[in-house]
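Hello,

Here is the structure I said I would pass on. My notes follow below it.

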Amino acid sequence: ILMTEFFHSCTTNDRKREIEELLNSFAGQPGSWRHCFYFLSNSRNEYVMMYSLTVFENLVNKMWVGVASEDKAELRSCLPKLLLSQHAQLPFFIRNKLCKVIVDIGRQDWPMFYQEFFSNTLQLVQSPSLAPLGLVLLKMTSEELVCPREDLSVARKEELKKLLLEQIPTVLNLLTGILETIWDKHSVTVTTPPPSPTSRDTSKPHSLPSLYLNNGPAAGLELESGTLCLLALECLAHLFSWIPLSSSITPALLASIFHFARFGCQLPVKAKHLPTSNGDSAPSNFLANGSEGQGRTGQMVGHADRARLGVMAMSCINELMCKNCVPLDFEEFLLRMFQQTFYLLQRLTNSHINTHTVKNRLQELDESYVEKFTDFLRLFVSVHLRRIESNDRFPLVEFLALLFKYTFNQPTHEGYLSCLEIWSIFLDYLTTKIRSRLADRDSVLNRYKDALVLLLREVLNRIQFRLNQSQLEELDDETLDDDQQTEWQRYLRQSLEVVAKVMELLPSQTFSILVSLSACVCVWACLLGDRRLNITAEADCRRLHCALRDLSSLLQSVGRLAEFFTGDVFTARFTDARAIVQRLVEVTCYGSQISLYDVEMAVPSVLKPDLIDVHAQSLAALQAYSHWLAQFCSEVQRQQDQTQFVDLITSSMAATTPLINAKVPEKLLLSACHLLVSMATTVRPVFLVSLPAVQNVFNLITENQNHRLPQEAYVLVCRALSNMLLLPWPSLPEAEQQWPSRSTSHARLISTITHQYRLQPRPPNHHPNSECKVVLQQTLCVLRDLVDSISGEATKSRQICYQSLQESVQVTLALFRLYIQQPDVTDEVLSFFLALFQALRVQMGVAFTEQIIQTFLSMFTREQLAISILQEGSSGSKVVQKFLKILQVVVQEPGQTFKPMLPSILSLCMEQVYPIVAERSCPDVKTEMFELLFQILHHNWRFFFKTSVLSSVQRSGAEEHMENQAQFIAAMQAFGQSFLQPDIHIFKQNLSYLEILNTKHKLYHRKLFRSSMLFHFINVLLQVLLHKSHDLLQDDITLALYNMAAVDFPAFYSSFLPEFLSGCQGIDPHQRTTLTRNFTPERDLPSFSQGVYRLVNDLRFYRLCNGSLPPGTLKL
């Protein structure tokens, strides 16, 4: 009644809590299991039965040590009897829970106190009527004994795995027998005497057994046999996940698995669907309860259930395929596997069966089966191809032909992309192989040349709308995924990656194929007249739509291949690259001359975006060749004739600059801006700034403020113009760089950009308003970008940049105080100063840098910091992060320049920021604060340790002189405190910081750290492992523990370890002694790691055991 009431929809939460307390109280009473056994035996209420089994489960997993031996014996006897007598009537989830409890008992007591546990399971498996039940128990035994979910001692875990491994040959033989018996029973109808094609004639040497070449129908299965097969395959799948490859996995077993893998290749036939019955992990049509199948003999397994058998058989095969460690004597076995899979691949891609096309055939197969088969192919190519490729008994070229057929007949886009990944893996393998075998490069390539050309052609066909419009239109081209790509962009990108990999292997063939495809470039020219599109018919519009989409894809593919024309091959492939670039320039010029984005047409909603996209992609493709143009620029500097290069640059700028206009669609505008930036930054022609087209852009920025570009485009154009004047021209001596005139021009450019900003009144006359904020934010965004773009450039470029910016920097510092309460503006100001500090701190000078820092320190009072930080995730929090980033840059500066500021920075960090964030989440601010602490310690080690050079060499701690000890201790305490908090990212970051400090500065060996901190840190890290709070970082924590213990291994083993264990609650003296003894005093990392794992695991286990003992238990 209580259980029914608890789950009733009308029961209130308060009443549920009352019932829960009552049930928990009852479960905790000694002997409550006897009542539960009675309920389980006599009740048919599922809630009551599940509650009773939960009581048993808790008893076995958490209280077993404290259960009387006679009660244990009774439970070991009565629960299996109950299962045998009632399994057919129990709901499958109740039956499975009961099986789990019995297996849990076996995990605790087998073989010492429950010797018959495993033998009973094997007997059930061999019993015709109870085999399904035995297989359920067998699979659970594999799951629960090999990977126990509850705490067991390490010794017990090792013992269980060893015991199970001893039983594996017997288990595999039994499972093989089950699969063979069922196959032989049901396949007899399709075996005919020789010389029929379906006979089992194996007389041909080195050929696949005819069993696998048989194209006749696979066996028909009765429902009961299907259930048994599925359970046997589920068992095998789990066993294969952990047992090593060995002779126990026999050819007969493998053949049986592949028999059932064939079921996935079968097409559905019209058949009566079978009634549903209870099952567990098996499909609904399969019987899951042992003897429940009696009386259903003759009913046949339907297509969906046969497909499930195929899926599970492929799961077994894939578990074997995952194993990278293959014994030498097992390679023959793998070859046999691949031969049999080759047969399955033949069946899947056979277009002559029942007049189905391959694509229709794959479409009608179970989707999960096709996915599993694709997984197999990926594993084969990525893990085992190198083992099999040279074996003349494996037809590799024929395999690739079948893989090709399988790939390009996939019924879904996802399936096709998964197959493209396999080809990418294969191409990477081939590229690596050729690089390592340059001597016979041609012979290796010739073997695969035809296949690669075929692959290239088909991949290019698959991205063309004129050939696949209906399929490609299904791809979403609007919604962005986590990688900021649409579905269509992802599809195209993966296709082009394959094209690029083939290009690396077969450059000339790939280039020829792309040139032949480029014929469609001309398609639009003949359709346009007087800036009007002259077609109106729907069919013509559709054809043009497809042609334009394909042209856009072709342009992207041409751009993707740009890297293969630069570097060492520049000269050899110069003619081809020049032809490409010349053609791209022509396309962009044509688009700009007739203003493609503004062409009149009958159906603008469809074709206008296509025309804009083609024009934008032509600019993007040209931009991709900027590195080639830069190399061309360097080459022509050494030659007299620069006509070709000048013509290319002049024409490209003439095509680009007219598009830098507020009226141009944003997509096209941004493409033009990015191309201009690449020309200014990567190519850097000397004459670029003097071109009339570029001068027009200067005039647009400096004179036409009323038709301002969108902010993103404006920033890009300003960056391009600034870089033209700041960046040194390649291959020219310093004397010819024209720095004076360029400096003057840059100052004029910056003066124009910042004109409105510099006119803002300064305090105290300034009163912020929304218009002022907009000017400030927009201007600082541009200036920050200009500074970022030259951060890695030569000193002269940075000097000129700072000279131009000097007045704007002074204005910004003066305005900062006014906006301290407006985080969105403050964030922009600090972002600008962060860029200045990262790129131009040397040019700013020490005095001004110190003035800026002191201004910031005075403004960020503790109250202001608290207001900003406590607005978690807000712009206020971001402001503090930026401020801390600025301080990080300052403390990393070498030399003594900014050393006088260290005390005040440390004070801000430890006395103002840390107290606010210490007990709060604040992950973003904490990350930057600990980064600042680390940088202070790492780059200013001598601020704390005045170690002489001699003592550093001798690593002597006796002469160690320390200063600012209080600040060092506070910093270490902050790091230690972070390890007690749940944020795993902060934990990982700070642990790595300590390890770096130890590697670079011997932190753990320092006298102060060794004497007063070392064992505290070790203690904290061990406690973290004990509480399982940061299990993802187990390896990192163990490595840190090893490095700390390595400072003084004798002290760790003889002093710390006993002291640590004596402070551990919940274990007795004998257990402490055992734990100490089991942690063998090894000094290598693998042994130490194993010792830590054993210590932590067994300590948890002992606590669990001791906690389950009844009060007053006598411990011996």
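Leaving aside its neighbours within four places in sequence, which residues is Thr855 in contact with? They are Leu813 and Arg817, where contact means heavy atoms within 4.5 Å. Thr855 sits in helix H36 (residues 846-859), and its relative accessible area is 10%, so it counts as buried (under 20% relative accessible area; exposed is over 50%, partly exposed in between; 1.4 Å probe, protein chains only).

Please note that this is a predicted model, in which local features need pLDDT of at least 70, side-chain atom pairs count only at pLDDT 80 or more, and totals for chains, interfaces and linings use all residues. Residues are numbered from 1 along each chain as its sequence is written, and side-chain values use heavy atoms, without hydrogens and water.

The chain has 49 helices and two strands; these are DSSP runs (helices H or I, at least four residues; strands E, at least two), numbered from the N terminus. Of its 1116 residues, 54% are buried.

There are 36 salt bridges, each a side-chain nitrogen of Lys or Arg within 4 Å of a carboxyl oxygen of Asp or Glu. One of them joins Asp613 and Lys667, with the closest N and O atoms 2.5 Å apart. Asp613 is in helix H25 (residues 604-624) and Lys667 in helix H28 (residues 666-683), so the pair links parts of the chain 54 residues apart. Asp613 is buried at 13% relative accessibility, whereas Lys667 is partly exposed at 46%.

Another salt bridge, between Arg841 and Glu893, has an N to O distance of 2.3 Å.

Regards
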